Amino acid sequence: MTAMRMRSFIMALVVLSLVEPGLAAPVFLHHAKIVRTKQRIGDWEVEISRDPFSERQTCRLRAANHAAFYANGAVAFRFKSRWDLREAVYRVDGAAPRHSRDDLPQLLALKVPIDRGGMDNASGGLVWIPYDRLVEANQVTIQAQPNRKPSDFQFRGLRALHDIAIARGCAPDSRFVER
């Protein structure tokens with residue numbers, strides 16, 4: 001349809017809606033907007049979005065600084081996407097160090113998308129840690145690569161927001177998304 005015909009068609013619908021609103025109504029149906037609610041506790045925030053049209057609900061549970069997020073029963077910590085994180089080591093609240101690769105069997109069982117990068121760097125810049133290791137945590141320190149300075153991540157609010165999200169319908173875990 002040419003631009004001139006399209007304008008004429010739209011003008012006809014506008015006039016029709018003024019003269020006989022019942023006839024033009026199906027053309028001008030507006031879908032309800034997606035409803036978003038946000039809540040922040042400590043270092044974490046949750047955003048719950050509900051689409052009234054499809055009745056889908058999605059949940060985003062992430063660090064307020066967006067350096068980490070929750071999905072599929074695990075927490076992902078962001079580093080530079082080009083970094084090779086196969087040798088990442090972490091400590092929860094100063095406990096003994098643990099290699100992130102030791103969590104792979106549990107992460108695979110949870111269906112965590114650990115292979116987000118290419119063939120040469122599958123991690124895509126994310127270090128995943130199962131949520132059950134972090135439920136009571138206050139801080140996680142991750143050394144993403146050998147001989148690099150470790151990074152600290154705070155956890156005040158994660159457990160409370162996770163519980164709130166579950167109570168508001170963010171179960172099963174597949175409703176939690178990254179973006």
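**Fold and disulfide**

I first read the secondary structure along the sequence of the protein chain and noted the pattern α-α-β-β-β-β-β-β-β-α-β-β-β-α. The model is a predicted one. My tally for the protein chain is four helices and ten strands.

I then looked up burial and surface. Of the 179 residues in the protein chain, 35% are buried. The accessible surface of the protein chain is about 11,200 Å², and carbon and sulfur atoms account for 55% of that surface.

Next I checked the contacts in the protein chain. Among those between residues at least 6 apart in sequence, 55% join residues at least 24 apart.

I searched the whole structure for disulfides and found one. Which residues form the disulfide? The partners are C59 and C170, and their sulfur atoms lie 1.9 Å apart. I noted where each partner sits: C59 is in strand 3 (residues 56-63), whereas C170 is in the segment after helix 4 (158-167), so the pair ties together parts that are 111 residues apart in sequence. A disulfide is a covalent bond between the sulfur atoms of two cysteines.

Is the disulfide left-handed or right-handed? I recorded a torsion of about -90 degrees about the S-S bond of C59 and C170, so the disulfide is left-handed.

C59 has a relative accessible area of 0% and is buried. C170 also counts as buried, at 0% relative accessibility. Both values fall in the buried class because that class covers residues under 20% relative accessible area.

Key
Residues are numbered from 1 along each chain as its sequence is written. This is a predicted model: local features need pLDDT of at least 70, side-chain atom pairs count only at pLDDT 80 or more; totals for chains, interfaces and linings use all residues. Side-chain values use heavy atoms; hydrogens and water are left out. Helices (H or I, at least four residues) and strands (E, at least two) are DSSP runs, numbered from the N terminus. Buried means under 20% relative accessible area, exposed over 50%, partly exposed in between (1.4 Å probe, protein chains only). Contact means heavy atoms within 4.5 Å. Accessible areas come from the Shrake-Rupley method with a 1.4 Å probe; for residues, only the protein chains shown count as cover. A disulfide is a pair of cysteine sulfur atoms within 2.5 Å.
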